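Please read them beside the structure.

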Amino acid sequence: MKHLLGVEDLTRADIEELLDLADSFLEVTQRDIAKVPALRGRTVATMFFEDSTRTKLSFETAAKRLSADTLSFSVSTSSVKKGESLKDTAQTVEAMGADAIVVRHSSSGAPHRVAGWVNASVVNAGDGWHGHPTQALLDAFTLRRHRGPSLDGLRVLIAGDVKHSRVARSDVHVLTTLGAQVTVCGPPTLLPGATEGWPVTITHDLDDALCDTDVVYLLRIQRERQDAALFPTLREYTARWGLTDERAARLKPDVLVMHPGPMNRGVEISSAVADSPRSLILEQVSNGVAVRMGVLFKLLAGDAGAGGGSRAAGAGTATGAAGTRDVTGQGASR
Ligand code: CP
């Protein structure tokens with residue numbers, strides 16, 4: 001595995017391997033000293049052309065917990081402002097020694113383009129409407145911890161602005177590949193034009209869909225990606241498709257609530273629901289670090305794990321023979 005550009009090509013076995021790896025790293029993140037030498041000597045660069053709180057900090061934290069060096073790039077303070085191209089920017093970052101480049105961009109396909117211009121591993125941290133692979137992995141990871149180990153038959157309702165959501169596209173693939181039954185719900189104007197081939201049930205009636213689900217996954221209204229008025233008012237949106245206090249009160253006690261963040265509190269989700277015991281929203285964020293540790297480890301330690309790669313020398317116990325490697329620094333593989 002050289003890059004993680006999308007989830008479309010990941011099989012169930014691939015996904016489960018990454019989630020198992022994340023399980024090991026979750027234990028690391030819970031230690032007093034949450035650090036292992038797995039990627040010592042490696043450099044991870046975050047190249048974000050679009051705003052982010054969770055994903056950028058999460059990748060940087062993951063890299064540091066694996067003892068990698070980090071390079072942080074934000075477009076607003078870079079030479080992109082002087083007209084430097086994506087290709088020149090990526091190759092410049094690689095020339096500083098980046099072994100992995102984590103790319104977020106508002107254009108679908110940008111990480112794929114970068115992967116064609118550099119030798120470093122490239123990770124898609126969200127590209128346009130296309131995909132957000134590590135978000136989907138951390139969502140599956142979080143659900144597996146609550147409803148696992150198998151997600152077979154788990155009913156997941158994804159509600160809101162599916163049309164503009166890269167999270168929804170990646171989640172649909174990952175969750176259905178793991179056996180979950182996914183329903184998507186929203187106003188017709190916020191569902192994709194072409195859903196043929198999607199292994200999902202489609203509905204516009206949130207109240208009906210809420211009666212028959214184990215998980216409600218709310219999506220943010222993405223006003224920055226909308227070029228037309230797709231619903232009359234935010235108040236009307238909330239009345240028909242928001243998880244309000246009244247709707248949440250009708251849910252079965254064990255129904256879980258998720259959201260990728262950032263939230264529009266009071267629009268797609270009420271503030272009380274977001275902060276309620278059934279909400280996994282902050283746990284998703286915490287789990288994201290372990291999942292991204294797993295992804296970076298898989299991309300950057302894999303060659304050394306197979307016995308090659310002088311650059312990984314010194315990574316210690318984390319780069320033993322593939323299959324027996326100790327990713328946690330405790331001498332046992334999980
Ligand atoms: N979920 C997510 O991608 O959040 P950020 O935009 O803050 O990274």
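1. Helix H5 meets helix H11 through Thr134, Gln135, Leu137, Leu138, Asp139, Phe141, Thr142, Arg145 and His146, which touch Glu283, Gln284, Asn287, Gly288, Val291, Arg292 and Val295 in H11. Contact here means heavy atoms within 4.5 Å. By class, the residues of this contact are five nonpolar, seven polar and four charged. Ala, Val, Leu, Ile, Met, Phe, Trp, Tyr, Cys and Pro count as nonpolar, Asp, Glu, Lys and Arg as charged, and the others, Gly among them, as polar.

2. The model is predicted: local features need pLDDT of at least 70 and side-chain atom pairs count only at pLDDT 80 or more, while totals for chains, interfaces and linings use all residues. Residues are numbered from 1 along each chain as its sequence is written, and side-chain values use heavy atoms, with hydrogens and water left out. Helices (H or I, at least four residues) and strands (E, at least two) are DSSP runs, numbered from the N terminus.

3. The axes of H5 and H11 come within 8 Å and cross at roughly 115°. Axes are lines fitted to C-alpha atoms, for helices over the stretch in contact, and angles run from 0 to 180 degrees between N-to-C directions. H5 and H11 are therefore roughly perpendicular to each other. On the scale used, angles under 35 degrees are roughly parallel, over 145 roughly antiparallel, 65 to 115 roughly perpendicular, and the rest oblique. The crossing of H5 past H11 is right-handed; a crossing is right-handed if the near helix is turned clockwise from the far one by less than a right angle, and left-handed if anticlockwise.

4. Helix H1 (residues 12-29) also packs on H11 (residues 281-300): their axes come within 7 Å and cross at roughly 120°. That makes H1 oblique to H11. This crossing is right-handed. H1 contributes Glu17, Leu18, Leu21, Ala22, Phe25, Leu26, Val28 and Thr29, and H11 contributes Asn287, Val289, Ala290, Val291, Met293, Gly294, Val295, Phe297 and Lys298. The contact of H1 with H11 comprises 12 nonpolar, three polar and two charged residues.

5. An open sheet is formed by four strands in the order E2-E1-E3-E4, with parallel pairing. Two strands count as paired if DSSP finds at least two bridges between them. Strand E2 (69-74) and strand E4 (121-127) are at the edges with a single partner strand each, so one side of each has no neighbour in the sheet. Neighbouring strands are turned by 15° against each other on average, direction ignored. Strand E1 (residues 43-48) is joined to E2 by six bridges, and alanine 45 stands opposite leucine 71 in E2.

6. Which helices lie across E1, E3 and E4? Helix H4 (residues 110-117) does, running at about 165° to E4. H11 does too, at about 150° to E4.

7. Helix H3 (residues 86-95) packs against H4 at an angle of about 55°, with the axes 10 Å apart. That makes H3 oblique to H4, and H3 passes H4 in a right-handed crossing. Leu86, Lys87, Ala90 and Gln91 in H3 meet Ala110, Val114 and Trp117 in H4. Five nonpolar, one polar and one charged residues make up this contact.

8. A second open sheet has five strands in the order E7-E6-E5-E8-E9, again with parallel pairing. Its edge strands are E7 (200-203) and E9, each pairing on one side only. The twist averages 20° from one strand to the next. E5 is joined to strand E8 (residues 215-218) by four bridges, and leucine 157 has valine 216 in E8 as its bridge partner.

9. Two peptide bonds deserve a look. Glycine 148 and proline 149 are joined by a cis peptide bond with omega about 10°; proline 149 lies in the loop between H5 (133-147) and strand E5 (155-159). A cis peptide bond also joins glycine 261 and proline 262, with omega about -5°. Proline 262 is in the loop between strand E9 (256-258) and helix H10 (271-274).
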